[in-house]
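Subject: Structure handover

Hi,

Here is the structure I promised to pass on. Please open it beside this email as you read.

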Amino acid sequence: MIGQGAFSAFQGIKLVKRNINKVKGLVITTQFGTKRSNHYFMTLLIKVPRTSTNSTYSGKYVLILQNIDADLLAMESFKKSLFITLLIFWALAMIIAYVLSRSSMRPILVSWKKQREFSADAAHELRTPITVIQNQMEYLLTKPKQRILDEAASISTTLDEVNQMQTLIKRLLMLSRGDANIIQIQPKSVDLKDWIKRTFNIYQPLAENQHKTLQKNILASGQVIFDPDLMHQALVILLDNALKYTPTGGSIDVLIKRLHGRLIISVSDTGPGIPDKDKRNIFERFYRVDQSRNTKTGGNGLGLAIAKFIVQQHNGKIEVRDNYPHGAVFQISIPITREKRHPKTDKP
Ligand code: ADP
């Protein structure tokens, strides 16, 4: 419906004979008051033969018009919705791509950040002993006439620092090999009693020298499969810490038992314990409860990270909890792949 106003517009259509039998477009403008609007038509001009029985049209030109306003409107709204749909899908694709790339990049970024922190911390930790060694060497150079015995204190300090550096480098190497997925575990059948004896032979006299009690409660024996050197290293770290943080007169207890197919090794001490807020972090590399690096306990915060790494290599867990009335209990638990129980001492 284009209304009454179109009638006069139709009257103004000119006859263009060369357009005969051709489909053409036509725009008609109508005006109602001040409102002008265009209407679109498809036209076909034909000439009705004189022989036609319809006397109204015979021998005349007839212009057939078809209003295509509705079609154009439909096309326009189709274009609009196509554009909006494309826009929405483009935005969705961008959002999904962003979210996916972020989530796939996150582990890479986290590991890159950790790697960067690790190198920075390692460099920092190495700088301290190197500075001490340098100072001691420079000092010794100022005393060329002194005997070694006279400068034993300086030489001993230097050696201490060298030993610390050696431990640090070994630990750094172990962790970076672990990061590179280089397999370091060499499991073999181990006699539990012999294995424990090896560690206690070192630590019993050490504890006695420091006037601390080291007690063992060994409730497991027989052959077990694990890497004896790595597990020795993990136990040494726990014992080192226990001795380091337990005051004179305090005691350290080591309990070894089997439980539900796992080997449990726990080291309890009567030191200051680990504050709750630090319990989650102490297994992180370079984390120290007392962040000051000048404490008399020394250390570089790598021991427990190494112990955790070793335990994880054995598919086990390491945890810390409070000892009562004070102190810390570190517990290692690893699955035992093969076992031969001692009939009297083993627990189920
Ligand atoms: P460090 O070489 O500094 O001892 P570790 O990784 O072995 O490094 O320990 C991390 C931190 O955890 C230590 O600096 C210390 O603050 C705390 N810690 C570890 N073991 C004990 C313990 N038995 N008692 C109290 N604090 C401990």
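Predicted model: local features only at pLDDT ≥ 70, side-chain atom pairs only at ≥ 80, totals over all residues.

**Domains**

The chain is divided into three parts: domain 1 (5-67), domain 2 (73-183) and domain 3 (188-335). Between the C-alpha centres of domain 1 and domain 2 there are 82 Å.

**Ligand**

The side chain of Arg288 places an N or O atom 2.7 Å from an oxygen atom of the ligand. For Asn300, a backbone N or O atom is 3.2 Å from a ligand oxygen atom. For Gly301, the corresponding distance is 3.1 Å, again from a backbone N or O atom to an oxygen atom of the ligand.

How much of the ligand does the protein bury? Taken alone, the ligand exposes 530 Å², and the protein buries 97% of that.

**Largest pocket**

The largest pocket has a volume of about 1,200 Å³. It is lined by 42 residues. Closest to its centre are Arg171, Asn241, Lys244, Gly299 and Gly303.

By type, the lining of the largest pocket has 18 nonpolar, 15 polar and nine charged residues. Domain 2 and domain 3 each give at least three residues to the lining.

**Second largest pocket**

The second largest pocket has a volume of about 520 Å³. Its lining has 19 residues. Lys114, Leu175, Asp179, Glu284 and Arg285 lie nearest its centre.

At least two lining residues come from each of α2 (69-141), α3 and α7. Of the elements, α2 gives the most, with six residues. The second largest pocket is lined by six nonpolar, six polar and seven charged residues. Here too, domain 2 and domain 3 each supply at least three residues.

**Backbone details**

There are two spots to check in the loops.

Go to Pro325 in the loop between β9 (317-322) and β10. The peptide bond from Tyr324 to Pro325 is cis, with omega near 5°.

Then go to Asn21, which sits in the loop between α1 (6-11) and β1 (23-32). Asn21 is not a glycine, yet its phi is positive, at about 60°.

Best wishes

Methods: Residues numbered from 1 in each chain as written. Heavy atoms only, no water. 1 Å grid on protein atoms, 1.4 Å probe; cavity = no way out; pocket = protein on both sides within 12 Å on 5 of 7 lines; lining within 4 Å. Points joined across faces, edges and corners; volume = space filled by probe spheres on them. Nonpolar A, V, L, I, M, F, W, Y, C, P; charged D, E, K, R; others polar. Domains from an automatic or database assignment. Helix = DSSP H or I, 4+ residues; strand = E, 2+ residues; numbered from the N terminus. Polar contact = N/O pair within 3.5 Å; in protein donor to acceptor, adjacent residues only side chain to side chain. Areas by Shrake-Rupley, 256 points an atom, 1.4 Å probe, with all protein chains shown as cover.
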